[in-house]
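Dear colleague,

I am passing on a structure that you have not worked with before, and below it I set out what was found. Please read the text with the model open beside it.

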Amino acid sequence: ANKNINAKLVLLGDVGAGKSSLVLRFVKGQFIEFQESTIGAAFFSQTLAVNDATVKFEIWDTAGQERYHSLAPMYYRGAAAAVIVYDISNQGLPCFPTGQKASFERAKKWVQELQAQGNPNMVMALAGNKADLLDARKVAAEATQVYAQENGLFFMETSAKTATNVNDIFYEIAKRLSQV
Ligand code: GDP
Ligand code: MG
């Protein structure tokens, strides 16, 4: 039998990591070089067919600014899935004491928050975005993979610009949601 699943999905991550660009690529197949900053949050929907299910994503693209942090629970509460985005080329200053870059550190903070406050069955995906900027890479994929495994997330490097792994990450989420 065909299952129809409505799935609330939230995108979280640092400003400029590429959350809005990933959604725009997934929903409209487009990329904008000078994507405007999101104010508050934006809503999109997109449907994917996987196996014997149709998954309708109700997507909340959040702003990422610290000043909007207190609004985040509204978006992740009741969410079936989250995509936590960081920028593999992030130039932010190394965070003391780990030496890791700001965008990835911010992603880990979101993971912690979701683990503590989110829906315990939430499917969590970690997107290392801007994978097209290989020469500017600051975050190694290997260490991130280990981190993801330890924390029960699945990890993909994506590029909203070239479309690499963008449909794939949403497809993988849909697959996991259709299996529960
Ligand atoms: P958000 O604040 O997380 O929503 O980030 P945006 O989607 O607004 O993207 C911030 C900037 O990064 C914009 O100038 C985008 O064009 C750029 N950007 C987003 N994704 C990619 C990507 O995959 N590759 C490259 N090269 N630039 C990207
Ligand atoms: Mg945005």
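Predicted model: local features only at pLDDT ≥ 70, side-chain atom pairs only at ≥ 80, totals over all residues.

Which residues in H1 are buried? In H1, the buried residues are Lys19, Ser20, Ser21, Leu22, Val23, Leu24, Arg25 and Phe26, where buried means under 20% relative accessible area, exposed means over 50%, and partly exposed lies in between, with a 1.4 Å probe and protein chains only. Because 8 of the 10 residues of H1 are buried, this helix is largely enclosed by the rest of the structure.

Residues are numbered from 1 along each chain as its sequence is written, chains are lettered from A and ligands numbered from 1 in the order in which they are written, and side-chain values use heavy atoms, with hydrogens and water left out.

The sheet

The structure holds an open sheet of 6 strands with mixed pairing, in the order S2-S3-S1-S4-S5-S6. Helices (H or I, at least four residues) and strands (E, at least two) are DSSP runs numbered from the N terminus, and two strands pair if DSSP finds at least two bridges between them. At the edges are strand S2 (41-50) and strand S6 (154-157), each of which pairs on one side only. From one strand to the next the twist averages 25°, with axes taken as lines fitted to C-alpha atoms, for helices over the stretch in contact, and angles running from 0 to 180 degrees between N-to-C directions.

S2 and strand S3 (residues 53-62) run antiparallel and are joined by 10 bridges. Along this pairing, Ala41 stands opposite Thr62 in S3, Gln46 has Phe57 as its bridge partner in S3, and Leu48 has Val55. The hairpin of S2 and S3 has 2 residues between the strands, and in this hairpin Asn51 takes a positive phi near 40°. S3 also pairs with S1, in the parallel sense and over 9 bridges, with Asn6 opposite Lys56 in S3.

The helices on the sheet

Helix H1 (residues 19-28) lies across strand S1 (3-13), S2, S3, strand S4 (81-87) and strand S5 (123-129), and runs at about 150° to S3. Helix H3 (residues 102-117) also packs on the sheet, where it touches S1, S4 and S5, and its direction makes about 160° with that of S4. The buried residues of H1 pack against S1, S2, S3, S4, S5 and H5, contact here meaning heavy atoms within 4.5 Å. Just after H1, Gly29 takes a positive phi of about 70°.

Gly40 lies in the loop between H1 and S2 and, at 16% relative accessibility, counts as buried. Leaving aside its neighbours within four places in sequence, Gly40 is in contact with Thr62, Ala63 and Tyr68.

The ligand

Ligand 1 is surrounded by 19 residues, of which the closest are Gly16, Lys19, Ser21, Glu33 and Asp132; a residue is near a molecule if one of its heavy atoms lies within 4 Å of it. An oxygen atom of ligand 1 is 2.9 Å from a polar backbone atom of Gly18, and an oxygen atom of the ligand is 2.6 Å from an N or O atom in the side chain of Ser21. A nitrogen atom of ligand 1 is 3.1 Å from an N or O atom in the side chain of Asn129. Taken alone, ligand 1 exposes 580 Å², and the protein buries 90% of that, with accessible areas from the Shrake-Rupley method and a 1.4 Å probe.

Around Ser159

Ser159 lies in the loop between S6 and helix H5 (166-179) and counts as buried, at 1% relative accessibility. The side chains of Ser159 and Asp132 are joined by a polar contact of 2.8 Å, meaning a pair of N or O atoms within 3.5 Å, of which, within protein, one must be able to donate a hydrogen and the other to accept it, and for which residues adjacent in sequence count only if both atoms are side-chain atoms. The side chain of Ser159 also reaches the backbone nitrogen of Thr162 at 3.0 Å.

With best regards
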